Structures are given as C-alpha cells and as structure tokens.
Amino acid sequence: MAKRKQSIARPSREEAEEAVRTLLRWSGDDPSREGLLDTPRRVVKSYEEFFRGYNEDPVAILSRTFEETDGYDEMILLRDIRLESHCEHHMVPITGKAHVAYLPGTRVVGISKLARVVDAYAKRFQIQEKLTAQIANTIQDVLRPRGVAVVIEANHQCISTRGIHKPGVSMVTSHMLGEFRDNPSTRREFLAMLQSRTCAAE
C-alpha cells in the first residue's frame, strides 16, 4: 500500500518566532521584557534540532549495506540507543531507550545506521506505538532480513509533569516481524539478550 505524501506549507522563521511570542503572551508574560527578548529565536532554533527528523529519509539511511559477512546469520542487536522525541498530543518530551535487532538475510548495515533510523523517526512529533512500528517496518522493508525486533522503553512528560502527575512511570512497546514474531525461541533469545545487559553492568 503506497504511503500518502503530505505537502505542508512551512511558515517562515519570522512567523514561527511570532507564534512563540503569542504563546508567551497567552501564558501571561511579556515577550518584550529583557529575559524573554531572545526566547522566540532560541525556541525556533531548538525546534530545528528537536524535529530534524522531518528532513531525514530513513530509507536512504539504510541504503548502503554490506554483503561480505562470511556467512554470518545470527542475531544482530543494538541495545540502549538513547531516544529523544516529543509527544504529538502535548508537545512535551519523550525520553528513553530503543533496542533494535534483526536476523540478516544476505545483507547487513553499519550499526550507526540503526541508531540514525531511530533518530530520524524520533525527531518528529510522535506516539510511542507508531514510533516503534515505523522503525521496525522500515528496517524490514529496506534490508529484507529474516526478522526484526524493536523494543522501546520511555518516559513521557505528558503524564509526569501534567495531567495525572505520575513521575517515574515508563512505557514499554515492542514490534516484532518475521522470525521474531513467528519463532518463540528466537523471540526468547532476543528478550534474554536484553535482560543480560543488567547482569553485564554489574
């Protein structure tokens, strides 16, 4: 099924900065006071970093692969990938870790590319469920491995700093494809490798 590409007219930097001034006034403060004079510029600049994923192509990131692996066909797992995103419902931070594994077919990819794919999707407005699926589906579609597994553990400020105010709560999501979904022993091996990180750190 083809993905629908959205075309969005992007406001100018000046319009974005004026929007920040509007929010400052709505919050009850004066954007013309000394401490806030440069805030609109800083906020817009920070948004360029927070949401740079909209300018990155996860498929292109995975396009360079390697076939010279001497027949290696066991699990490849990249654990504890630092994840920073923003909740699309309240525009507040989501922080945590992603764990990405795949069973190579004929090709492998540089491990930094797995982390970059995580960032390319995380650096957008997100919900964790969609983020988890996007990472796994893209790796599956591009690399065509025998299976992909993605687990994300994250904290959401939308429940820790507002609303029900429950700090310390983490959310765990997983998306498994191919052998990770169909083969219980492969799934158990993956989960055991995740759990072993605690023992290795001791």
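I began with Asp 73, which is partly exposed, with a relative accessible area of 37%. The model I am reading is a predicted one.

Next I looked up where Asp 73 sits. I found Asp 73 in the loop between β1 (65-66) and β2 (76-87). I then asked which residues Asp 73 touches, leaving aside neighbours within four places in sequence. Leu 103, Pro 104 and Arg 146 are in contact with Asp 73. I also checked Asp 73 against Ser 185. They are 112 residues apart in sequence, and their C-alpha atoms are 16 Å apart in space.

**Positive phi**

I moved on to backbone angles. Asp 80 is not a glycine, yet has a positive phi of about 60°. I place Asp 80 in strand β2.

I located Met 91 in the loop between β2 and β3 (93-103). Met 91 is partly exposed, with a relative accessible area of 46%.

**Cysteines**

How many disulfides does a search of the whole structure find? I noted 0. Cys 87 is in no disulfide, and the nearest cysteine sulfur to it belongs to Cys 158, 4.1 Å away. Cys 158 is in no disulfide either; for Cys 158 the nearest cysteine sulfur is that of Cys 87.

I then looked up accessibility. Cys 87 counts as buried, at 4% relative accessibility. Cys 158 is buried, with a relative accessible area of 11%.

**Helices α4 and α5**

My last entry is a helix pair. Helix α4 covers residues 111-122 and helix α5 covers residues 128-143. I asked at what angle α4 and α5 pack. The angle is about 135°, and the axes are 10 Å apart. The two helices are therefore oblique to each other. I recorded the crossing of α4 past α5 as right-handed.

Which residues make the contact? On α4 I listed Leu 114, Val 117, Val 118, Tyr 121 and Ala 122. On α5 I listed Leu 131, Gln 134, Ile 135, Thr 138 and Ile 139. I sorted the residues of this contact by type: 8 are nonpolar, 2 are polar and none is charged.

Terms used. Residues numbered from 1 in each chain as written. Predicted model: local features only at pLDDT ≥ 70, side-chain atom pairs only at ≥ 80, totals over all residues. Heavy atoms only, no water. Disulfide = S-S within 2.5 Å. Buried < 20%, exposed > 50% of the residue type's maximum accessible area, 1.4 Å probe, protein only. Axes fitted to C-alpha atoms, helices over the stretch in contact; angles between N-to-C directions. Helix = DSSP H or I, 4+ residues; strand = E, 2+ residues; numbered from the N terminus. Parallel < 35°, antiparallel > 145°, perpendicular 65-115°, else oblique. Left-handed = near helix turned anticlockwise from the far one by under 90°. Contact = heavy atoms within 4.5 Å. Nonpolar A, V, L, I, M, F, W, Y, C, P; charged D, E, K, R; others polar.
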